[in-house]
Every structure is written in structure tokens, then in C-alpha cells.
Amino acid sequence: MKKLTLLSIVYLLLTHQAQSQGCVAIRSTGGFCTRDQAMGHDSTKWMLSVSNRYFKSFRHFVGTEEQKQRIEQGTQVINHSYTLDLALFRNLKNGWSIGLDVPVISNARSSLYEHGGNGAKNARHSTHSFGVGDIRIAVYRWLIDQTTMPKGNIQVGLGLKLPTGDYRYQDFFIKNDSTKVLGPVDQSIQLGDGGTGFTTEINAFYNFNENFGVYGNFYYLFNPREQNGVSTTRGGIPSSDAIKYGTSVMSVPDQMMIRAGTSTTFNKFTFSIGVRDECQPSKDVIGGSMGFRRPGYIISIEPGVNYQFKKATVYAYVPFAVKRNRTQSVADKLKTADTGVYSQGDAAFADYLVNIGASFKF
């Protein structure tokens, strides 16, 4: 079999608030976990992965119900998110390797409500963010000697996510024709989350024959820091509800991604189809969960194609959403218990995202 390509989740937000698809943000792009890597671990010293990720989020959901009136009324929030992810790997002895992941992010967010708009078309304005996101360093280990079991392998990884992305990024919010206010941009387009976290990964593949195989990836970012102290008021004054239920400052949430699927290889092409689940949980595994966050998950069908050169692989993956769910946050639950009225915020999601990139061995 020429190659079975797995997207290992090398990073999340990038900047890890990561950017799942929209306001429910998991900032992960990816490198590679492949049979070709496992077989050539001792002969290939370095690998560089260059990934490009883009999506446009604009469909608002409360739970699994789409708020279609937002688009009809023109009040939807629109996020354009682009990430260039640079990941460099160094193969060591006995199946060990180390990787450095550096994301470069460019975001734009347009809305009415953030700028004092009243529904008029000229009241929609945009905020932007650009810069390096949260850098991650990780170590990996192939668990199986590829010479004794060439059909499959399992790779585990442990990483440290550093708060290198600007999580206080500011831009101007237009309040009226003569007034604009400088304040932190929305959580979904911040370059970082402000927390030092650690990541765990499991990447696996198994080839039944030269033309057919299966793969799976698991990624989880643990973010122990509860809040990063950045205001959510966009240069304004927090409401009494925001103070009471802890949403006046941004949370530092955990992130998770799971992928699984099958692949088939013809000559130098590998075609794959799988399921992708990106999630921002409402509660963290370690540390508190107060602060503003938009928890939820998106399940996608993920087709992909790879082409293998002698020293390089190019790939494209375009997962498209089949289920989107903006779940209750801790603040939503506190407000529900306090008032007796069910409370649940919304979040914007994309229909699909585009991952295009290449890896180079040298």
C-alpha cells in the first residue's frame, strides 16, 4: 500500500479556542500520522507540514435548532477564519519524535449588535485579528515495531500548549457615525486563549490490504486556567447578569476532536471518507469552568484526497456539517436554576471547512 494518510491533530488554536467551525471554537489544524511515516521513521529525520484552513461561519444555532430568521433578517454574525499552520517534526530513535507547531491566524468578524446597529444595512461593521496563535510543542511515540507488524500502528502524543497568541487583541467597535470604541474582539476571533495547557493524542491506522485501510485520531486539550481576565463587553460596561453569572470575562476552555474513517489507495492517490467530531465542552476536566464560553459540538462527514510524491504529500480535506449543537454553558445552567426560566445562548457555525496542505520529508 502506497500510503494511508491520517490527519493527526497537531494543534488547536491553534489558538485553541481552536475554531471548530465558528463561535464554538476549536483551533486545530493538523500534521500527519501515516504508515509511510512509521515505515520510514529511521530513514527520515525531518518532516515539515504546511496546512491551510478556512471557514465562514454564519448559521446560528441554539441547541440543534437553527435560528433561520437571523439570515432572513440580516442580523447574523459572520466570521471568516483563516489559519496557516506550520508544523516541524524531528524523528528520534526507537519510534520517538518531537514536533513544534506554529499557527498564523487571520480573522474577520462582521455583525450588527456589536456595533450598536439597529438593523440598518449600513450599521454592519467588522473587527479583525491577525498574528501568531498559541504555539505547541509535543513528543510522539510509535507503540509498535513496524517491521513486526507492517499493517498497522498506534502513535501517542503529549504536548505543551503555550499562551503565545494575543488573547487581548483589540479593534474598534463603531457605535454611531461619530463614535467608535476600542475593546477586545469577540472570543471566537481572539488569537489565543491565555492559558498554558497540555494536549494528549492517539493516532492509529490499520491496512487490511494494499488498497484498503482504516484510521482514527483522538485529540484533547486540557486547559487548567479558568478565566483569562479579558472583558467580553467590547469596550463597554458589563451588565448585572454578566457579573452575576460570570460571563463578563472570557473562559479558557478545554477542546476535543475525534476522527475515524476508511481510505482506499490507487497508485499515488489515497481517497478517504470519515466522521469528524469537534467539541468545546461546557466544563473542563481540570480546573474551574466559569467565564464566558460558547460550548457545543459539530459532527461532519469528512472526504479527503492525498497525492504522494517521492519526498512530499499534498492533501485536501473538506468536512461538511451534518449536526451542529450549541449546548448549555455553566452560566446558562446557573441562570436557569436561579430564574426558573430555561436559558441557552446561541453560536454561529459554518456549513463546511477547507483544509489544504502539504508535508515534506528531508
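**Confidence first, then the pocket**

Modeller: Over residues 1-21 pLDDT stays under 50, and the model has 161 contacts beyond four places in sequence for that stretch. This is a predicted model, so that confidence has to be read alongside the geometry, as pLDDT is the predictor's confidence in each residue, from 0 to 100. A further stretch, residues 28-35, also has pLDDT under 50 throughout, with 60 contacts beyond four places in sequence. For the protein chain, the mean pLDDT is 88, and 86% of the residues reach 70 or more.

The largest pocket holds about 620 Å³ of space. Its lining is made up of 36 residues, and T232, R234, T247, F292 and R294 are the ones that lie nearest the centre. Two or more lining residues come from each of α3 (240-244), α4 (330-339) and β23 (347-361). Of the elements, α4 gives the largest share, 3 residues.

Q308 sits in strand β20, which covers residues 296-308. Q308 counts as buried because its relative accessibility is 10%, and the cut-off for buried is under 20%. The side chain of Q308 makes a polar contact of 2.7 Å with the side chain of T313.

Notes:
Residues are numbered from 1 along each chain as its sequence is written. This is a predicted model: local features need pLDDT of at least 70, side-chain atom pairs count only at pLDDT 80 or more; totals for chains, interfaces and linings use all residues. Side-chain values use heavy atoms; hydrogens and water are left out. On a 1 Å grid over the protein atoms alone, a cavity is a set of points where a 1.4 Å probe fits but cannot get out, and a pocket is an open set with protein on both sides within 12 Å along at least five of seven lines; lining residues have an atom within 4 Å of a point. Grid points are joined across faces, edges and corners, and a volume is the space filled by probe spheres set on the points. Helices (H or I, at least four residues) and strands (E, at least two) are DSSP runs, numbered from the N terminus. Buried means under 20% relative accessible area, exposed over 50%, partly exposed in between (1.4 Å probe, protein chains only). A polar contact is a pair of N or O atoms within 3.5 Å; within protein, one must be able to donate a hydrogen and the other to accept it, and residues adjacent in sequence count only if both atoms are side-chain atoms. Contact means heavy atoms within 4.5 Å.
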